[in-house]
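This briefing is meant for a reader who is meeting the structure below for the first time. Please look through the sequence and the model before going on to the notes.

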Amino acid sequence: MVVPAAVVKERLRGQRIETPSWAYGNSGTRFKVFAQPGVPRTVEEKIDDAAQVHAFTGVAPTVALHIPWDRADDYGRLAKYAESAGIRLGTINANVFQDDDYKLGSVANPDRAIRRKALDHLLDCVDIMDRTGSRDLKLWFADGTNYPGQDDIRTRQDRLAEALAAVYERLGAHQRLLLEYKLFEPAFYTTDVPDWGTAYAHCLHLGDRAQVCVDTGHHAPGTNIEFIVAILLRAGKLGAFDFNSRFYADDDLMVGAADPFQLFRIMAEVARGGGLDQETGVAFMLDQCHNVEAKIPAQIRSVCNVQEATAKALLIDRDALTAAQYSGDVLAAHDVFMDAYHTDVRPMLAELRAEQGLDPDPVAAYRRSGYGERIAANRVGGNQAGWGA
């Protein structure tokens with residue numbers, strides 16, 4: 001049965017995509033950071049920019065913070081500022097990778113005092129969550145080793161588990177721990193949380209409110225990310241996505257830029273596994289740094305890319321697909337899948353936005369608004385925010 005457009009649009013109305021505060025600041029490659037005019041100088045100005053993305057898309061009502069990049073004197077007041085701008089503060093991201101003490105690791109460091117320092121930061125982040133009303137704490141660790149014998153692999157896992165348990169115990173009843181993984185970098189021999197299996201094992205031991213965060217750029221070339229998504233959804237352990245795109249390693253480019261078909265395949269498994277249902281609790285977040293392109297329209301375009309992939313995934317004729325699969329008709333099953341992918345969903349999304357009182361073309365509407373020109377003229381002086389600040 002062909003899926004009616006009205007059904008797809010109804011599901012899309014409930015989708016929410018969080019943008020990251022750091023996407024609005026200056027960023028670059030390992031060789032150069034390219035400054036842009038109008039870049040935020042304060043966390044409040046980052047919030048203002050994130051509010052623009054929500055104003056033109058209607059589906060980005062929260063902005064993630066990174067501590068200490070977004071440190072504030074009064075987080076309760078910052079939450080109220082976000083509300084006055086039309087959005088809310090979302091996921092709190094901890095940072096235990098940009099301090100000289102963490103050269104040999106943070107929570108897995110062989111030095112007990114450094115491990116304590118890292119843990120205190122993580123617990124401070126939970127305190128911030130209490131004041132911002134945030135549900136999720138996202139943890140990514142650069143911990144690892146560069147040489148065989150540098151440290152004991154098993155002992156490092158024990159230290160990591162001890163820290164995660166302390167953080168988990170501190171969480172409130174409505175709060176979650178999201179554990180992110182990354183294949184390599186900056187540790188090149190062993191990384192303490194290198195893959196979804198390691199993250200899953202730790203989360204399984206912690207409890208129901210510990211979930212895995214899948215960053216779409218954090219895998220070896222050729223990795224079947226949609227398989228990982230299916231397994232984690234089946235186990236009830238998929239907590240969030242960090243959406244971005246990559247051509248090599250962890251590029252943090254606009255989601256869907258390198259391989260839109262991969263994004264569709266991922267969203268097909270999300271839809272199949274109930275990941276779009278509110279009760280499942282999967283958080284859809286962007287994790288991108290825009291080095292050469294304008295930042296706000298890049299975030300808007302990224303949100304639209306996720307919407308388009310989701311719409312196509314929802315158009316899959318599941319009855320026809322299942323019938324072909326059970327009859328062993330390989331080509332028919334593949335055709336059903338590809339028919340959904342090749343559907344141009346942009347007119348449907350334009351209709352949906354018009355029904356919601358939004359401009360059918362969010363990027364064009366933003367450009368006509370003149371917001372980019374205004375912030376370039378007004379945000380003069382001060383220190384621009386950037387990666388790591």
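This is a predicted model: local features need pLDDT of at least 70, side-chain atom pairs count only at pLDDT 80 or more; totals for chains, interfaces and linings use all residues.

- The space in the second largest pocket comes to about 740 Å³.
- With 4 residues, β5 is the element that gives the most to the lining of the second largest pocket.
- Sorted by class, the lining of the second largest pocket holds 11 polar, 9 nonpolar and 8 charged residues.

**The largest pocket**
- The largest pocket holds about 1,200 Å³ of space, and its lining is made up of 44 residues, with W140, K182, E185, D250 and W387 lying nearest the centre.
- Among the elements that take part in the lining of the largest pocket, β2 (27-28), β6 (136-139) and β7 (144-145) each supply at least two residues.
- The lining of the largest pocket divides by class into 16 nonpolar, 15 charged and 13 polar residues.

**The cavity**
- The structure holds 1 cavity of 30 Å³ or more, and the space in the largest cavity is about 50 Å³.
- The residues that line the largest cavity are K182, L183, F184, G217, H218, H219, R246, A249 and D250, and by class this lining has 3 nonpolar, 3 polar and 3 charged residues.

**Helix α7**
- In α7, which spans residues 225-235, the residues I225, E226, I228, V229, L232 and L233 are buried. Because these residues cover an arc of only 155 degrees around the axis, they lie on the same side of α7.
- The cover over the buried residues of α7 includes the helices α6 (196-206) and α8 (260-272), together with the strands β10 (210-215) and β11 (238-243).
- At the N-terminal end, α7 is capped by N224, which has a side-chain oxygen 3.3 Å from the backbone nitrogen of E226.

Methods:
Residues are numbered from 1 along each chain as its sequence is written. Side-chain values use heavy atoms; hydrogens and water are left out. Buried means under 20% relative accessible area, exposed over 50%, partly exposed in between (1.4 Å probe, protein chains only). The arc is that of the directions from the helix axis to the C-beta atoms. Contact means heavy atoms within 4.5 Å. A polar contact is a pair of N or O atoms within 3.5 Å; within protein, one must be able to donate a hydrogen and the other to accept it, and residues adjacent in sequence count only if both atoms are side-chain atoms. On a 1 Å grid over the protein atoms alone, a cavity is a set of points where a 1.4 Å probe fits but cannot get out, and a pocket is an open set with protein on both sides within 12 Å along at least five of seven lines; lining residues have an atom within 4 Å of a point. Grid points are joined across faces, edges and corners, and a volume is the space filled by probe spheres set on the points. Ala, Val, Leu, Ile, Met, Phe, Trp, Tyr, Cys and Pro count as nonpolar, Asp, Glu, Lys and Arg as charged, and the others, Gly among them, as polar.
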